[in-house]
Amino acid sequence: MHKVVISRHIGDEALKIIKAVPSLDIVIWPEDRAVDRSWLLEHVQGAIGVLVMLSEKIDEELLDRAGPTLKVVSTMSVGYEHVNLQALSARSIKLGYTPDVLTDAVADISIMLALMASRNALSALKVVETGRWPSLGWAPFGFCGPQLGSGPTLPWPDAPMISPPEFTAGFLGFGRISKAVLHRLIPFGITRAVYTTSGKGKQRTEAEDQALVEKYKGFGSLKEVKRVDLDELAKQSDVLFTLVPGGPETRHIISTDFLSKMKSTSILVNTGRGSIVDSDALAEALNNNQIYAAGLDVIEGEPNVDIDHPLVKCPKAVVLPHIASATIQTRLAMSTLAAKNLVAGVLGEEIPVELKM
């Protein structure tokens with residue numbers, strides 16, 4: 001029998017895939033909470049494969065404890081900042097992960113956060129929850145915030161300009177999820193999309209950007225898709241979605257300097273990685289009205305984020321506990337793919353989705 005260790009119950013459907021291999025001895029953390037590090041270190045000894053969550057650190061200590069039998073690490077996540085890739089490569093251990101399947105779910109939450117932040121949903125909900133609605137009533141400009149999109153067109157020729165004729169969506173990173181967010185924004189009447197990428201790998205061409213504009217011709221108001229530098233991204237974005245990987249290269253890209261260049265009416269949405277945003281700088285920018293509001297599914301240091309965190313205390317920040325992929329369908333797809341990656345790695349087969357190192 002070959003031992004595989006699973007750091008959290010991944011659902012019966014995914015477990016069936018692993019249990020279908022009779023030669024595997026399956027060891028699962030028995031509690032419905034994050035696995036204790038001591039338990040994982042104890043049980044990983046002699047394992048041929050391990051399936052973990054984003055919360056488990058795969059480092060030299062764990063790999064040394066596992067020993068030479070370990071062939072594969074499967075993480076039920078699209079991110080892999082918790083994995084020491086160099087250490088895995090040095091030991092010829094393969095890594096499976098679960099990108100793509102969560103694209104739509106994360107894009108949905110990104111739009112939801114943009115709307116919640118811009119439309120003051122948090123403050124409005126608190127009015128209801130604290131019983132203040134009856135005394136507050138309705139006000140002509142109560143809870144008003146900037147509209148997501150280009151806004152209404154008034155039906156008379158001399159109507160005042162009540163919203164800007166252009167609305168720019170900005171993207172820090174322009175991969176699968178960013179494109180899915182852009183797709184969802186088209187009906188809102190955005191007119192421009194600007195993006196900044198790392199500059200690594202194959203770069204988008206102007207022809208590809210124009211093809212994206214043509215794709216939505218007739219379905220909305222999109223006139224331009226354009227790559228810009230970081231300064232212009234900050235200056236031009238009416239709503240900014242941060243969707244780049246974590247790690248040292250992207251840590252605190254959203255800094256005091258970056259935020260100082262944004263519009264006072266702009267919305268920041270982070271569904272990428274918590275480390276992208278300097279939390280203290282963002283809280284200060286929000287409290288000083290440098291930007292209008294922020295919607296955050298991830299925060300640096302999570303899950304150790306309590307009620308005294310500056311962004312949790314900030315009334316202009318909508319904070320969710322990292323739930324962007326939390327649809328039943330998406331989590332089933334992630335757990336199933338993680339299980340298939342684990343089994344393939346253990347059996348020496350081609351891993352369905354492997355991070356090549």
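Is Ser110 buried or exposed? In this predicted model, Ser110 has a relative accessibility of 0% and therefore counts as buried. The residue belongs to helix H5. Its side chain reaches the backbone oxygen of Val106 at 2.8 Å. Residues up to four places away in sequence set aside, Ser110 touches Val181, Phe241, Val269 and Thr271.

Two packed helices are described by the angle between their axes and the distance between the axes. For helix H5 (residues 103-118) and helix H8 (residues 176-185), the axes come within 9 Å. They cross at roughly 50 degrees. Angles under 35 degrees count as roughly parallel and those from 65 to 115 as roughly perpendicular, so H5 and H8 are oblique to each other. Their crossing is right-handed. On the H5 side, the contact involves Thr103, Asp104, Val106, Ala107, Asp108, Ser110 and Ile111. H8 contributes Arg176, Ile177, Ala180, Val181, Arg184 and Leu185. The residues of this contact divide into 7 nonpolar, 2 polar and 4 charged.

A second pair is formed by helix H1 (residues 12-19) and helix H14 (residues 328-347). Here the packing angle is about 10 degrees, and the axes are 8 Å apart. H1 is therefore roughly parallel to H14. Ala14, Ile17 and Ile18 represent H1 in the contact. They meet Ser335, Thr336, Ala339, Lys340, Leu342 and Val343 of H14. By class, the contact holds 6 nonpolar, 2 polar and 1 charged residues.

H14 residue Leu342 is also among the contacts of Val72. Val72 is placed in strand S4 (residues 72-75). With a relative accessible area of 0%, Val72 is buried. Neighbours within four places in sequence aside, its contacts are Ile48, Gly49, Val50, Ile93, Lys94, Asn341, Leu342, Gly345, Val346 and Ile351. Gly145 lies 73 residues from Val72 along the chain. The C-alpha atoms of these two residues are separated by 49 Å.

Helix H12 spans residues 279-287. Its buried residues are Ser279, Ala281, Leu282, Ala283, Ala285 and Leu286. At the start of H12, a side-chain oxygen of Asp278 reaches to within 3.1 Å of the backbone nitrogen of Asp280. After H12 comes Asn289, with a positive phi near 60 degrees.

Backbone geometry was also examined. Most residues other than glycine have a negative phi, and most peptide bonds are trans. Ser92 is not a glycine, yet its phi is positive, about 60 degrees. The residue sits in the loop between helix H4 (85-90) and strand S5 (94-96). Its relative accessible area is 62%, so Ser92 is exposed. Phe143, likewise not a glycine, has a positive phi of about 60 degrees. Phe143 lies in the loop between helix H7 (133-136) and strand S6 (168-172). At 37% relative accessibility, Phe143 counts as partly exposed. A cis peptide bond runs from Glu302 to Pro303, with omega near 5 degrees. Pro303 is found in the loop between S11 and H13.

Terms used. Residues are numbered from 1 along each chain as its sequence is written. This is a predicted model: local features need pLDDT of at least 70, side-chain atom pairs count only at pLDDT 80 or more; totals for chains, interfaces and linings use all residues. Side-chain values use heavy atoms; hydrogens and water are left out. Buried means under 20% relative accessible area, exposed over 50%, partly exposed in between (1.4 Å probe, protein chains only). Helices (H or I, at least four residues) and strands (E, at least two) are DSSP runs, numbered from the N terminus. A polar contact is a pair of N or O atoms within 3.5 Å; within protein, one must be able to donate a hydrogen and the other to accept it, and residues adjacent in sequence count only if both atoms are side-chain atoms. Axes are lines fitted to C-alpha atoms, for helices over the stretch in contact, and angles run from 0 to 180 degrees between N-to-C directions. Angles under 35 degrees count as roughly parallel, over 145 as roughly antiparallel, 65 to 115 as roughly perpendicular and the rest as oblique. A crossing is left-handed if the near helix is turned anticlockwise from the far one by less than a right angle, and right-handed if clockwise. Contact means heavy atoms within 4.5 Å. Ala, Val, Leu, Ile, Met, Phe, Trp, Tyr, Cys and Pro count as nonpolar, Asp, Glu, Lys and Arg as charged, and the others, Gly among them, as polar.
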